[in-house]
Amino acid sequence: KERIQKYTVFPNPGTRKNWRASFSAERDYFDGIQSLAGRGIYHSNIELFGFNLDYFINRVLFLSGCTYFPIKGGVSGYGATLIGLGLYIGPFWRLALEISLRAGAAGGGNIPVGLGTVTQLRYGISAAIIEGFSAHLIWGKLVYVGTPITASSAEIGLSYNFGIPVRKIYQ
């Protein structure tokens, strides 16, 4: 039997690509941080640079992973890495709705995050710009588990959808 090799983009040519990489700027507005002012902690908000990598299981469900680093706010040692699951609803014309729930580790920067566990609920919209590229606007709520600290977040970013070439062997 003769083997024929064919390279294609997973899942199928002509369908939405199953990976998405995003760069974003996020601003976190802390709630409940005033109760910590007596301990010398006065952070009211911080600005973060983020990188997200999403894998679309199908057209609606995706796995999400991200990492954030501070760019402003006096919390130079802060960092967060989260993973989770999301829903992608759309597209409607060039717009899509997204909602995701993520959890992970965060800490440093003199922000009292307890044991360092954080959860985040995110929701927002994305708009297609040109083939493969989209911009997104996301709102969210972070909860630092075991502490009175929560944060509301606003994120704006640019995403690129891509596929990974997969070798298929037909017999």
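Which residues line the second largest cavity? They are Glu 26, Asp 28, Leu 48, Tyr 68, Tyr 78, Ala 80, Leu 82, Gln 120 and Leu 142. A cavity here is a set of points, on a 1 Å grid over the protein atoms alone, where a 1.4 Å probe fits but cannot get out, and lining residues have an atom within 4 Å of a point.

This is a predicted model, in which local features need pLDDT of at least 70 and side-chain atom pairs count only at pLDDT 80 or more, while totals for chains, interfaces and linings use all residues. Residues are numbered from 1 along each chain as its sequence is written, and side-chain values use heavy atoms, with hydrogens and water left out.

The whole structure holds 2 cavities of 30 Å³ or more, a volume being the space filled by probe spheres set on the points, which are joined across faces, edges and corners.

Strands (DSSP runs of E, at least two residues, numbered from the N terminus) contribute to both linings. For the largest cavity, β2 (19-31), β3 (45-56), β4 (61-72), β6 (95-107), β8 (133-144) and β9 (150-162) each supply at least two residues, and β6 gives the most, with 3.

The second largest cavity has about 40 Å³ of space. At least two of its lining residues come from each of β2 and β5 (79-92), and its lining divides into 6 nonpolar, 1 polar and 2 charged residues.

Definitions and conventions
1 Å grid on protein atoms, 1.4 Å probe; cavity = no way out; pocket = protein on both sides within 12 Å on 5 of 7 lines; lining within 4 Å. Helix = DSSP H or I, 4+ residues; strand = E, 2+ residues; numbered from the N terminus. Nonpolar A, V, L, I, M, F, W, Y, C, P; charged D, E, K, R; others polar.
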